[in-house]
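Me: Can you walk me through this one? I'd like to start with the loops.

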Amino acid sequence: MSFNFVVEAPCRDADPWLFDQSNLDLAQPGLKYCQSCIFWNECESLVQPKSNAYDGIVGGKVWRNGKVLAKLDSASPHRLVVGEELVNEETATVRGSELPWDRHGDVLS
Ligand code: SF4
C-alpha cells in the first residue's frame, strides 16, 4: 500500500500535537481535520492503532490504548459516535466527564 496520501491529507500542515489527544475534549480540533479527509482507511493502515496500542486520533477515530473511544460517523462526519453506539469495535471505556457531546449531537461544527 502506498502512503502518498499523507501529502494530500487535510492534516498535512497541522500541529502533530492535535492528533496525540485521546481525551475527547482535546481531540475535537484534530477531528475537525478528519471530517474533510478521504483517507480514513489509509491513515489507519499506516498507523495500525489497534496493534500499536495507539493513543490519539487516526482515521477519524479517537483511540486509547488501541481501542476506539469515539469515531466520526462515516455517513455524517460532523457527528461523533461514542459509547454504546460503537458497535463491532473494540471500545475503550469513556468516563461521563469525558463526554462533551451528547450521544446524538452534531457538535463538531
Ligand atoms: S484521517 Fe485524520 S489524521 Fe488521518 S490523514 Fe486524514 S485528517 Fe489526517
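Me: Ala-53, buried or exposed?

Reply: Exposed. This is a predicted model, and in it Ala-53 has 11 C-beta neighbours inside 10 Å. The cut-off for exposed is 12 or fewer, so Ala-53 falls on that side.

Me: Where does Ala-53 lie?

Reply: In the loop between H2 and E1. Helix H2 covers 40–47, and strand E1 covers 56–58.

Me: What about phi of Ala-53?

Reply: Phi is near 50° there, a positive value in a residue other than glycine. Most residues other than glycine have a negative phi.

Me: Which loop holds Asn-65?

Reply: The one between strand E2 (61–64) and E3. Phi of Asn-65 is also positive, near 50°.

Me: And how many other C-beta atoms are within 10 Å of Asn-65?

Reply: 14, so Asn-65 counts as partly exposed. Exposed would need 12 or fewer, and buried 20 or more.

Me: New topic. Which residues are closest to the ligand?

Reply: Ala-9, Cys-11, Cys-34, Cys-37 and Cys-43. In total, 14 residues surround the ligand.

Me: Which elements give two or more residues to that shell?

Reply: Helix H1 (24–35), helix H2 (40–47) and strand E1 (56–58). H2 and E1 are also the elements on either side of the loop with Ala-53.

Me: How does the shell split by class?

Reply: It has 12 nonpolar residues and two polar ones. No charged residue is part of the shell.

Me: OK, strands now. In what sense do E3 and E4 pair?

Reply: Antiparallel, over four bridges. Strand E3 takes residues 67–73, and strand E4 takes residues 76–82.

Me: How many residues sit between E3 and E4?

Reply: Two, and the two strands form a hairpin.

Me: What stands opposite Ala-70?

Reply: Val-82 in E4.

Me: Zoom out. What's the order of elements from the N terminus on?

Reply: α-α-β-β-β-β. That is two helices and four strands in the protein.

Me: How much of the protein is buried?

Reply: Buried residues are 26% of the 109 residues.

Me: Last one. Of the contacts between residues at least 6 apart in sequence, what share joins residues at least 24 apart?

Reply: 45% of them.

Definitions and conventions:
Residues numbered from 1 in each chain as written. Predicted model: local features only at pLDDT ≥ 70, side-chain atom pairs only at ≥ 80, totals over all residues. Pairing = 2+ DSSP bridges. Near = placed C-beta within 6 Å. Nonpolar A, V, L, I, M, F, W, Y, C, P; charged D, E, K, R; others polar. Contact = placed C-beta atoms within 7 Å.
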